[in-house]
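Hello,

Here is the structure I said I would pass on. Please open it first, then read my notes below.

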Amino acid sequence: MMTIFVDMDEVLADTYGQHIAWYNKNHQQSLTKEAIVSGEVWENVPAAHQESVKKHAFMPGFFRNLTPMEDSIEVMQALYNKHEVYIATAATQFPTSLKEKCDWLDEHMPFISWQHRILCGHKFILKGDLLIDDRVYNLENFDGDTLLYNSKHNTLETGYTRVSHWQEIAKLLL
């Protein structure tokens, strides 16, 4: 049995897609994920709109209604049954996200008890076997194995084992 830490944003929940949806709604645009090759959403919109996209994560409601990543719920349930699994999310970076992320987990992954939810800042303090995250700055100082979950914003990152979807994680860990 392994101790596994799993990030929420852009690993379990589609924050990138939410940024695009909010951008399109607020600016009457039709941006798609497929149209973006790399970078953050805010880096792929006109300069006049960049600040508004950067503010999304600070707005009430942004984190509450994220779409779960495909197959994440089923694979997380299986991982939770086989390993010691914790959600490790940098919720303190966006204060309104604390309750919204807990409510999201209660709805989509109620099998993950409050004792297995770590709402933190820096993740280098975590001690375990594996960290699954989309941000290299979280992986680089983790004292264990890592998996970099693919996202448009990390396409240019190298030096990490990548996973593209939850079925790939299932094949590796179940």
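Which residue in E4 is the bridge partner of isoleucine 4? It is leucine 130. Keep in mind that this is a predicted model.

**The sheet**

Start with the overall order. Six strands make an open sheet, running E3-E2-E1-E4-E5-E6, and the pairing is parallel. E3 (117-119) and E6 (162-163) stand at the edges with a single partner strand each, so one side of each has no neighbour in the sheet.

Now the pairs, beginning at the E3 end. E2 (residues 84-89) and E3 run parallel and are joined by 3 bridges. Threonine 89 has leucine 119 as its bridge partner in E3.

Two helices belong here. Helix H3 (residues 72-82) packs on the sheet and touches E1 and E2. The direction of H3 makes about 130 degrees with that of E2. Helix H4 (residues 97-108) also packs on the sheet, where it touches E2 and E3. For H4, the angle with the direction of E3 is about 160 degrees.

Next, E1 and E4. E1 covers residues 3-6 and pairs with E4 in the parallel sense, over 3 bridges. E4 spans residues 130-133 and is covered on both faces. Leucine 130 and isoleucine 132 lie on one side, leucine 131 and aspartate 133 on the other, and all are buried.

E4 also pairs with E5 (residues 145-149), again in the parallel sense, over 4 bridges. Leucine 130 has aspartate 145 as its bridge partner in E5. For leucine 131, the partner in E5 is threonine 146.

E5 itself is largely enclosed by the rest of the structure, because 4 of its 5 residues are buried. E5 pairs with E6 in the parallel sense over 2 bridges. There, tyrosine 149 stands opposite valine 163 in E6.

**The segment before E1**

Methionine 2 is found in the segment before E1. Methionine 2 is partly exposed, with a relative accessible area of 26%. Which residues does methionine 2 touch, leaving aside those up to four places away in sequence? They are His83, Glu84, Asp129, Leu130 and Leu173. Methionine 2 and leucine 79 are 77 residues apart in sequence, yet their C-alpha atoms are 9.7 Å apart in space.

**The pockets**

The largest pocket holds about 550 Å³ of space. Its lining consists of 26 residues. Which of them lie nearest the centre? They are His19, Glu40, Gln93, Phe94 and Arg135.

Three helices each supply at least two residues of this lining: H1 (15-27), H2 (47-54) and H5 (136-139). H1 gives the largest share, 3 residues. By class, the lining of the largest pocket has 11 nonpolar, 6 polar and 9 charged residues.

The second largest pocket has a volume of about 180 Å³. The residues that line it include Glu10, Tyr16, Lys33, Met69 and Glu70. Also among them are Tyr149, Asn150, Ser151, Lys152 and Ser164. This lining divides into 3 nonpolar, 3 polar and 4 charged residues. Tyr149 is the residue that stands opposite valine 163.

**Two backbone points**

Most residues other than glycine have a negative phi. Two residues here depart from that. Glutamate 10 has a positive phi of about 70 degrees, although it is not a glycine. Glutamine 28 has a positive phi too, near 50 degrees, and is likewise a residue other than glycine.

Glutamine 28 is exposed, with a relative accessible area of 65%. Their places in the chain are as follows. Glutamate 10 lies in the loop between E1 and H1. Glutamine 28 lies in the loop between H1 and H2. Glutamate 10 is also one of the residues that line the second largest pocket.

Best wishes

Notes: Residues are numbered from 1 along each chain as its sequence is written. This is a predicted model: local features need pLDDT of at least 70, side-chain atom pairs count only at pLDDT 80 or more; totals for chains, interfaces and linings use all residues. Side-chain values use heavy atoms; hydrogens and water are left out. On a 1 Å grid over the protein atoms alone, a cavity is a set of points where a 1.4 Å probe fits but cannot get out, and a pocket is an open set with protein on both sides within 12 Å along at least five of seven lines; lining residues have an atom within 4 Å of a point. Grid points are joined across faces, edges and corners, and a volume is the space filled by probe spheres set on the points. Ala, Val, Leu, Ile, Met, Phe, Trp, Tyr, Cys and Pro count as nonpolar, Asp, Glu, Lys and Arg as charged, and the others, Gly among them, as polar. Buried means under 20% relative accessible area, exposed over 50%, partly exposed in between (1.4 Å probe, protein chains only). Two strands pair if DSSP finds at least two bridges between them. Contact means heavy atoms within 4.5 Å. Axes are lines fitted to C-alpha atoms, for helices over the stretch in contact, and angles run from 0 to 180 degrees between N-to-C directions.
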